[in-house]
Structures are given as structure tokens and as C-alpha cells.
Amino acid sequence: MAKTDKQSKHHAAKRGKAGKQVAAVKDKSDKLNKAGKLKREYYENELAKLHGELVALQDWVKKTGAKVMVVFEGRDAAGKGGAIKAITERVSPRVFRVEALPAPTEREKTQMFMQRYITRFPAGGEVVIFDRSWYNQALVNRVMGFTEQKHVERFLELVPLVESFIVEAGIILIKFWLEVDMDEQTRRFQERITDPRKTWKLSPMDLEAHRRWYDYSRARDAVFKATDSDHAPWHVLRSNDKRRARLNCIAQLLSLIPYKKAPMPKVDLPKRQKPEGYKEPDYKYRWVKERY
């Protein structure tokens, strides 16, 4: 009898383990496509939940006057723009502001390097997102030879100190690095060449960046070594799967800010006023042709 009980428990444990494995496989199949990347439906459902949290964060930033600054860096075609769009598409541009600075003007070239970035830092109640940042000096400018090596080295010496001042001034500083591998970057560049929706993304700088893969690797390594500090660490995102990277990015961003979700007040939609004699005018509107 004892042996039978033991065997029953053993078989039950095996069935339980098998059931969990089946559930895990099913759960994985619900999330991933044949290429091993997140399915669109799963991605959109999770993104909707995170968007709700970003709205709660937005309310907290407005009410508390918090100052948040998010820096996005990474190789060309790493997915920075898509991650930023995923963050900002459901929040107010009056609170979430994106800064993607063009090449410096002749006047700006004579300024202190950080000067044109500092003027765009957040005030109270703002979240500022930099699509590339002052790190251009140690990345693009270094790799492309736009600045001398001695200026790059001095920049890397000073950045941790400058960022400590930023944090001490009450700004929540978050730095993301999106890491894409060599094959995936090539695939994305090929898309930019052939897809008419993406040709605007391709520039001579992109082509040169593709060629100089290892120069960028050396520049990245130097940036991490000099500026991955306790007060302003680098948060590194794997970005071969864009959907997964966007979800992980938003989840990490939310985890790094001590926001509190305020209860939503009950809202009743008021009844419309009575027409009191109003009639639609006899006017020939210039209706847009319904092509779809």
C-alpha cells in the first residue's frame, strides 16, 4: 500500500511538471512568432498597460514639479527613435518633450560643448528625452573625426562631475544604451535602402557608421568605462527585437522614478444643451473625397 501511494505521488508530480511545461510552451507560443520575436497582439496589449502607467507618471510629474531627463544613445539603427515614440505616443507633448538636436551652427561650434544641451534641460513638471545627447562628443564626433582625441578624453573626464551636478540639482537622470548586433543593424540599413517609408532615415553618416562598426565599439567601451557611475548609470537594452526592447525600456523607466499613482476621480459626461431653435446652415461644405 505504501509503495502504491509513493508511486501515485511520483506520477502526480510528473503530471504536474509536464503540465507546467505544456503551459510554459503555450505561454511562449502566445507571445512569440516563428522568428522568436514578440507577436504584435501581445506587444500591443502590454504596451497599452505601460501607456497607462506613463499617464500616471505624467500626472505625478505635473503635480509634484518633478524634473526628469532621459538620454538615449546607441549605434545607428539601434531603435532609439522607435523606443522614444513608444514612450511619447500617449502622453502630452507639453509634459514629455523630445530633443533631437541637429548639427551645431557656426555660432554653437564656438560655445562650450554642453552649452546648447543645458538650455534644453527640464524645468519643474517636465520630462525631457534626448535622442542622442552630449555623448555625441565621445561617440559620433570621435568616430567620424569631428573632434580631436584630446577633447574627447577631457570630455570623458568631466562628464561624471557634470552629471553629478545635474543629479544634485534635483533632476532625475536616466541613461539608456540600445545595443543591436552586427547582423541586425545590417538588415535594418538594407530596409532603409529599399523601403520607401524609411529612405529618409538613411544618410551618408549611416553608411559610414556601418563601415566603422569596431570604431564605434571602441568609443562605446570608453564611454561606459568613464561614465557608468552610481549616480548616473547606463541601462543597457538588447534591441534586436524592437518590440521587446520598447516594452523593457518603458518598464525600466517606470521602475526608476518614484511616482505614485493617484486615484482617478469619477467623471460623469454632462448632457448636451437643447438646440433652442438652432438649425444646420444651408452651406456647401468642401467635403474631402472619401478615397478609403
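The second largest pocket holds about 250 Å³ of space. A pocket is an open set of points on a 1 Å grid over the protein atoms alone, with protein on both sides within 12 Å along at least five of seven lines. Its volume is the space filled by probe spheres set on the points, which are joined across faces, edges and corners. The model is predicted: local features need pLDDT of at least 70, side-chain atom pairs count only at pLDDT 80 or more, and totals for chains, interfaces and linings use all residues. Residues are numbered from 1 along each chain as its sequence is written, and side-chain values use heavy atoms, with hydrogens and water left out.

**The second largest pocket**

- Its lining residues, which have an atom within 4 Å of a point, include Met112, Phe113, Met114, Ile118 and Gln137.
- Also in the lining are His151, Arg154, Phe155, Leu158, Val159 and Val162.
- Helix α7 (residues 149-168) gives the most to this lining, with six residues.
- Helices (H or I, at least four residues) and strands (E, at least two) are DSSP runs, numbered from the N terminus.
- By class, the lining has eight nonpolar, two polar and one charged residues.
- Nonpolar covers Ala, Val, Leu, Ile, Met, Phe, Trp, Tyr, Cys and Pro; charged covers Asp, Glu, Lys and Arg; the others, Gly among them, are polar.

- Gln137, one of the pocket's lining residues, is found in the loop between β3 (126-131) and α6.
- Gln137 is buried, with a relative accessible area of 9%.
- Buried means under 20% relative accessible area, exposed over 50%, and partly exposed in between (1.4 Å probe, protein chains only).
- Not counting residues up to four places away in sequence, Gln137 touches Phe113, Arg142, Thr147, His151, Val152 and Phe155.
- Contact means heavy atoms within 4.5 Å.
- Asn141 sits in helix α6 (residues 140-144).
- Asn141 counts as buried too, at 16% relative accessibility.
- Leaving aside neighbours within four places in sequence, Asn141 is in contact with Phe113, Asn136, Phe146 and Thr147.

**The cavity**

- The structure holds one cavity of 30 Å³ or more.
- A cavity is a set of grid points where a 1.4 Å probe fits but cannot get out.
- About 40 Å³ of space lies in the largest cavity.
- Ala78, Gly79, Ala83, Leu178, Ser239, Lys242, Ala245 and Arg246 line this cavity.
- Helix α11 (residues 242-255) supplies the largest share of that lining, three residues.
- The cavity lining has four nonpolar, two polar and two charged residues.

**Strand β4 and its partners**

- Seven of the nine residues of strand β4 (residues 171-179) are buried, so β4 is largely enclosed by the rest of the structure.
- Strands β1 (residues 67-74) and β4 run parallel, joined by eight bridges.
- Two strands pair if DSSP finds at least two bridges between them.
- Lys67 has Ile171 in β4 as its bridge partner.
- β4 also runs parallel to strand β5 (residues 234-238), with five bridges between them.
- Trp177 has Val236 in β5 as its bridge partner.

**The whole protein**

- The protein has eleven helices and five strands.
- Its radius of gyration is 26 Å, well over the 19 Å that the globule rule gives for 292 residues, so the protein is more spread out than a compact globule.
- That radius is taken over C-alpha atoms, and the globule rule is 2.2 Å times the number of residues to the power 0.38.
- Along its principal axes, the C-alpha trace spans about 85 × 80 × 45 Å.
- Of the 292 residues, 37% count as buried.
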